[in-house]
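Subject: Structure for you to look at

Hello,

Here is the structure I said I would pass on. Please open it alongside this note.

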Protein chains: 2
Amino acid sequence: MTQATARAARGGRAARLRARTNPAPVYLSTLNNRVGPIDLLGPEGVDRLHNAAMTILETTGIEFRDPVALADWKKHGADVDGERVRIGRDMLMDLISTVPSEWGYAARNPERSLRVGHRNSVFANAYGAPFVYGLDGVRRPSTLADAQNFFKLSQMSQAMMVPGILPAEPQDVPVRQRHLDLVHGVLTLTDKPIMGSVLSERAARDTVDMARIVFGEGFVDSNVVMAGLLNCNTPLVWDETMLQSLRVYAAANQPCLLSPFVLAGASTPASPQGGVALLIAEGLAGMAYSQIIRRGTPMVLGVAIMGVSMKTGAPMMGSPEPGLMNLLVGQMARHYGVPWRTCTMWTGSKAADMQSGYDSANAMWPVLLGGANYIVHGAGIVEGALGVSYAKWVQDAVQLENFHRFFSGLLDENLDALLNDIAMIGPGGHFLGTDHTRENPMHMNLLQNNDSFEQWEAEGSKSAEAVGAEEAQRILDNYVQPSMPDDQRGALDQFVAKKRAEYSG
Amino acid sequence: MTQATARAARGGRAARLRARTNPAPVYLSTLNNRVGPIDLLGPEGVDRLHNAAMTILETTGIEFRDPVALADWKKHGADVDGERVRIGRDMLMDLISTVPSEWGYAARNPERSLRVGHRNSVFANAYGAPFVYGLDGVRRPSTLADAQNFFKLSQMSQAMMVPGILPAEPQDVPVRQRHLDLVHGVLTLTDKPIMGSVLSERAARDTVDMARIVFGEGFVDSNVVMAGLLNCNTPLVWDETMLQSLRVYAAANQPCLLSPFVLAGASTPASPQGGVALLIAEGLAGMAYSQIIRRGTPMVLGVAIMGVSMKTGAPMMGSPEPGLMNLLVGQMARHYGVPWRTCTMWTGSKAADMQSGYDSANAMWPVLLGGANYIVHGAGIVEGALGVSYAKWVQDAVQLENFHRFFSGLLDENLDALLNDIAMIGPGGHFLGTDHTRENPMHMNLLQNNDSFEQWEAEGSKSAEAVGAEEAQRILDNYVQPSMPDDQRGALDQFVAKKRAEYSG
């Protein structure tokens, strides 16, 4: 703590302020969204979209490029023709009917456990970036140390509820061993609810085994302790790798975020409603399959929605049509009574600049207005999800606190007492000294610079990017590892050592 | 145009793309908001807030620090005690009942005319910044040339519907003459609906006279051609300067944006509901007074809401409670059937950086979700409204296009045709080549950089701030002044010359 204190003393006014005002992190739990959701469609519009999705699955059908899944579907009575599966709406809705609409999401520290579904939303980490924009702002391939750093930042963050599993793709670790280090890292460096690896069927199995070491086998079988992120190859293809992991997770009673990957205009029609009809069909088909594996296993209807530039083919983040699509997906998920996940806080920018602030906010607002239950890429993403930036991560994470406060809506207020204050203070006075003001400060983002120009200049004219990078360093310097019982830690280390030897052979 | 063409050729890929895709500006008209509004309160909550506002005006009352207004209130039957005016709810609601809920907002070019009220929203320019962040990014006192430049940028902008009146405070012009140059500038450099000067009673009178030269006296008397922005000294004081201008505008049948200036926690209670009760009381009192001047004159319930840091006293922009307050004000304005205005797109940042993007977006979303009808500070504001930045102005203005598209909501779509496309393309295909995709491109922000890292680096690693500054220069180089009949222009010039001589004496 001496080092931390010294740093705080060196770190200028903002750091001293933080040290004074934030002696210990206050963890925000599940967001109970009281502002959203917005329903864009009337009941007829919902029926129309539902019918469109059902028609796609009944007539065009969807490909399951995996012999086991095809056999399972055939056995269940679906129309299987080669790799093409056509699913009648009665069968589909019957399968979907057993997907839980809400569930607890257990952390190894019960105080960090969350809930997912209905009005409950959780914020999860960046996912999958092969490049990192370091503390020095320079871009380079991601490493295991980066992934571990983003786990540490998540652990210390008030609002990053789920540290994820793959905040940065560790390119310095052999592919076959990556999941071991990642799962070990997230379980030991954080005590929050995690995501699971889906890099391969083996990775999925090992993740479940490691969770069982920490949580106990019986507990895992009846509680959600992780979530896997599986992408559909939009349009209308579920591939073998994804389905193999889906079977592992479903059998273990752990949810997957079943996510069509939408480049609106490329992988789907350039139309909010047409696009959503397609991705609903894909998500529901995957979800229905999970119920063939294990009835009642929790699953999440997922989407990752970007626009695509008609000039360059590049993905566009924060643009309006994907925002509208998120609202539609949310409304349809509520119609089906299933939780839904989406992506947010991302940008195509290559810097933690004004574009990245705009893009990220413009991605997040529709997501929360749509009532998304599981929100991935909550911090750090730049470069169209190819990069994760330390500076932006930290700035994004404090923005999550902002969103958490706004979407928590109105709090109970004693309006009569406030009217008394107004009467007492009267025309021309001020409310800075009232008990109410002292006891109910406005939400503050301590990284937001609202100083005078002169003061800001005197303190080095720092951009939000510079502030974010400094704060990332400060948090990492002050990181406190959560404790883990020795026997658990020993068993985990042993498991990893054994598997690493096996896979390097 | 040769210069412009040469610049486009030099300006790299983005500029060439713009030249190819945007041969002429496409002006966006009034936003018809199909996504908002969000009602946070049930009917009981609305009654409670209404009763609180009425109680404030009936018991504490409000000061009108102006002898004429006090006499007017006394004559109308209000309880006047010194400068304190107490207004019964029956009297207040009777006066408010004649405020029009929607009106046309005439531009001298009828194609640029707008509507305000109900679901109709307009975006207006920055207002009142004494400092400018120039094309070189350097901060300096604002000049008349800056104000004129921001008028020109507004004229060329797709989405900046109202060029305002005071985008930058021209510190190089004597105070008594400023309004002449500003009104002359906005009337001649743009052909969009304007705001009016309220720097003094004389400024207000001259503005109305100049509008009469351009629009004709009879037209002005029966149509809105300008709007004045009047701040209340929250809590509960309307001062003489503001009331003098209010009388001029109301008598001329022109609306004012009657705006309590809210630093939540300082000028109002640190509470969304308590704060809104107070500002509703203030706004309605000013609005009621306008109806004593002229029954039926249009008026706008206005607010400018910031949080205030409990540590430094600095205003905070883009924070959550002011966002919630905007939602509440919108709901109350709908309850009273009056249009409402607010502020947006602002930041305390001293740079066009990530903070400024976040703050601006986080300010705008609640404003549009609240269904604000008249939205001031639509582009450019930095430094807590003390500064206006060219780079941010241009970036903000393209963000307005984004917001316009999102809040226009779903368009009619032929879902059957889209299902045919999906059936035809089938699993694993793509939609880039369909007629629908070609005819319905996703909305594009041409200043948003979605290129690969390598391409971005090869083109100079430009931040959004740099891109904005370059684009501002490009637009100014390509500015086309709208025509004005010679007799109008002559009369305006003559009016200004005569008044300038008079005021310099």
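Below is what was found in the structure, beginning with the contact between the chains.

Keep in mind throughout that this is a predicted model.

The contact between the chains

The contact draws 114 residues from chain A and 114 residues from chain B. About 9500 Å² is buried between the two chains, and carbon and sulfur atoms give 69% of that area. On the chain B side, M354(B), Y358(B) and M442(B) supply 9% of the area that chain B buries against chain A, more than any other three residues.

Aromatic residues

Over all chains there are 29 aromatic pairs. One of them joins Y133(A) and F453(B) edge-to-face, with 6.2 Å centre to centre and 80° between the planes. This pair crosses between chains: Y133(A) belongs to strand β8 (residues 131–133) of chain A, and F453(B) to helix α17 (residues 453–458) of chain B.

Another pair, Y105(B) with Y374(B), is tilted, at 5.8 Å centre to centre and 40° between the planes. The two tyrosines are 269 residues apart, Y105(B) in strand β5 (residues 102–105) and Y374(B) in strand β17 (residues 374–376) of chain B, so the pair links distant parts of the chain. Y105(B) and Y374(B) are both buried.

Two arginines lie over rings. In chain A, R139(A) is over the face of F131(A), 3.8 Å from the ring centre. In chain B, the charged end of R139(B) sits over the ring of F131(B), 3.8 Å from its centre.

Helix α4 of chain A

Which residues of helix α4 (residues 67–76) of chain A are buried? They are A69(A), L70(A) and W73(A). These three cover an arc of only 100° around the axis, which means that they lie on the same side of α4(A). P67(A), K74(A) and K75(A), on the other side of α4(A), are exposed. The elements that cover the buried residues include β2 (62–65), β3 (79–81), β4 (84–86), α5 (89–96), α10 (240–251) and α11 (272–293) of chain A. Just after α4(A) comes G77(A), with a positive phi of about 105°.

Strands

In chain A, strand β10 (residues 228–232) is mostly covered, with 4 of its 5 residues buried. β10(A) pairs with strand β12 (residues 256–264) of chain A in the parallel sense, over 5 bridges. Within this pairing, N231(A) stands opposite S259(A) of β12(A).

Chain B has an open sheet of 4 strands with mixed pairing, in the order β9-β8-β19-β18. The edges are β9 (139–141) and β18 (381–382) of chain B; each has a single partner strand, so one side of each is left without a neighbour in the sheet. β18(B) and strand β19 (residues 387–389) of chain B run antiparallel and are joined by 2 bridges. There V382(B) stands opposite G387(B) of β19(B).

Regards

Technical notes:
Residues numbered from 1 in each chain as written. Chains lettered and ligands numbered in written order. Predicted model: local features only at pLDDT ≥ 70, side-chain atom pairs only at ≥ 80, totals over all residues. Heavy atoms only, no water. Buried < 20%, exposed > 50% of the residue type's maximum accessible area, 1.4 Å probe, protein only. Pairing = 2+ DSSP bridges. Phe/Tyr/Trp six-rings, centres within 6.5 Å; stacked < 30°, edge-to-face > 60°. Lys NZ or Arg CZ within 6 Å of the ring centre and 35° of its normal. Arc of directions from axis to C-beta. Contact = heavy atoms within 4.5 Å. Buried area = accessible area lost by both parts, 1.4 Å probe.
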